[in-house]
Amino acid sequence: MHGFKNKGIMTLKEAQQQVDDWIKKHGVRYFNELTNMTILTEEVGELARVISRKYGEQSFKEGEKDNLAEELTDVFWVLLCLANQTEVDLTEAFIRNMEKKTTRDEKRHINNPKLSTNATE
């Protein structure tokens with residue numbers, strides 16, 4: 001696989017480093033932030049298309065395939081690029097975000113009657 005080994009578990013920091021190494025070796029440089037934001041929007045649209053076909057009421061068109069993992073990874077790749085070029089440590093940011101969500105929403109979803117097992121659609 002072109003020198004990329006499957007180690008089983010990869011940290012966010014390792015993923016950010018692998019993307020940075022790949023960009024420096026194969027990509028020449030990062031696209032600017034606005035270009036990467038546009039690419040992210042495009043990739044999210046491709047992910048939405050697969051999800052609408054797989055889980056929604058649409059069916060796959062002839063020639064389309066269920067490539068959910070590939071589309072999720074494309075979104076993740078661009079997010080890693082944006083994090084790298086804006087100097088965001090995703091590990092630290094994720095920890096802070098989980099703490100924020102836990103503090104803010106500790107009882108919010110548990111107490112939401114719309115989410116109870118007896119709720120109707």
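Colleague: In which loop does Thr-86 lie?

Modeller: Thr-86 lies in the loop between α3 (68-85) and α4 (90-105), where helices are DSSP runs of H or I with at least four residues, numbered from the N terminus. This is a predicted model, in which local features need pLDDT of at least 70 and side-chain atom pairs count only at pLDDT 80 or more, while totals for chains, interfaces and linings use all residues. Residues are numbered from 1 along each chain as its sequence is written, and side-chain values use heavy atoms, with hydrogens and water left out.

Colleague: Why is Thr-86 called partly exposed?

Modeller: Buried means under 20% relative accessible area and exposed over 50%, with partly exposed in between (1.4 Å probe, protein chains only); Thr-86 has a relative accessible area of 43%, and is therefore partly exposed.

Colleague: Why does Glu-87 count as exposed?

Modeller: Glu-87, which is found in the loop between α3 and α4, has a relative accessibility of 74%, and therefore counts as exposed. Glu-87 also has a positive phi of about 60°, although it is not a glycine.

Colleague: And why does Val-28 count as exposed?

Modeller: Val-28 has a relative accessibility of 75%, so it counts as exposed. Val-28 is found in the loop between α1 and α2 (33-54), and has a positive phi of about 70° without being a glycine.

Colleague: How far apart are Thr-86 and Glu-33 in sequence and in space?

Modeller: Thr-86 and Glu-33 are 53 residues apart in sequence and 8.1 Å apart in space, C-alpha to C-alpha.

Note on methods:
Helices (H or I, at least four residues) and strands (E, at least two) are DSSP runs, numbered from the N terminus.
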